[in-house]
Amino acid sequence: MIKTVIFDFDGTIVESGQVVFDLFNSFADKYKYTKMPQEQSDYIRTITFKERFKKFNVPLWKIPMLTIDIVKKYKEEIPHLEPIDDIKSVLKTLKESGFQLILVSANSQENIKKFLKLNDMDYFDEILRSHRFFGRHITLNSYVKSNSVQRENIIFVGDEHRDIIACKKSDIKIISVTWGYDFEVLLQEAQPDYIVKEPLDIVRTIEGINK
């Protein structure tokens, strides 16, 4: 029985793919890596994060500082971002049905709270900060331990290949969505528990699990 739904923020709740793409390119000169060509944007969404960094010559040791810079700049874009169509309705339905709703992101809580307030989407019981670029499973495991919840009562909703890997490490089911950063072909490679192609299917999937 699913009781807690953990949502990824960027790409799943908010349309931020192009913003992050542009921010990545804006720091190319500072960190001495290759810019992503716009015409390759679709291809980039079919390869993993590690493959992207390798392809565009981003040294692993520069990733933490690059991430900090992008998050700082991203804050300025928050007022201009738009929520995914129908996602507000999904959150409202789940909340009214009694589910515990959690949000997780590498973004700052300040940024996320600002977005939720601007868009009248304050449905979340808690916001988790994922501190490690490749260690989201650590955040999930910490949440499970701190709140003494059963893993079988949790489902994660995310849009990236790395979300699936993290959930497998944490033994938590995942619904992968196809409207975010990673294309369905990349999501399928990691074999998520469920894949949905529109937000309202999140509710239908969870209802089906709980029958």
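This is a predicted model: local features need pLDDT of at least 70, side-chain atom pairs count only at pLDDT 80 or more; totals for chains, interfaces and linings use all residues.
Residues are numbered from 1 along each chain as its sequence is written, and side-chain values use heavy atoms, without hydrogens and water.

Helix α1 spans residues 17-26 and helix α5 residues 63-77. Their axes lie 10 Å apart, at an angle of about 130 degrees. The pair is therefore oblique (under 35 degrees is roughly parallel, over 145 roughly antiparallel, 65 to 115 roughly perpendicular, the rest oblique). Val19, Val20, Leu23 and Phe24 of α1 meet Leu66, Ile70, Lys73, Tyr74 and Glu77 of α5 (contact: heavy atoms within 4.5 Å). Seven of these residues are nonpolar, two charged and none polar.

Helices α6 (residues 87-96) and α11 (residues 200-209) cross at roughly 30 degrees, and their axes come within 8 Å. This makes α6 roughly parallel to α11. Ile87, Ser89, Val90, Thr93 and Leu94 of α6 contact Leu200, Ile202, Val203 and Ile206 of α11. Here the division is seven nonpolar, two polar and no charged.

Lys197 sits in the loop between β8 (194-196) and α11. Lys197 counts as exposed, because its relative accessibility is 58% (exposed is over 50%, buried under 20%, partly exposed in between, with a 1.4 Å probe and protein chains only). Beyond its neighbours within four places in sequence, Lys197 contacts Thr178, Trp179 and Glu184. Val177 is 20 residues from Lys197 in sequence, yet their C-alpha atoms are 6.0 Å apart.

Notes: Axes are lines fitted to C-alpha atoms, for helices over the stretch in contact, and angles run from 0 to 180 degrees between N-to-C directions. Helices (H or I, at least four residues) and strands (E, at least two) are DSSP runs, numbered from the N terminus. Ala, Val, Leu, Ile, Met, Phe, Trp, Tyr, Cys and Pro count as nonpolar, Asp, Glu, Lys and Arg as charged, and the others, Gly among them, as polar.
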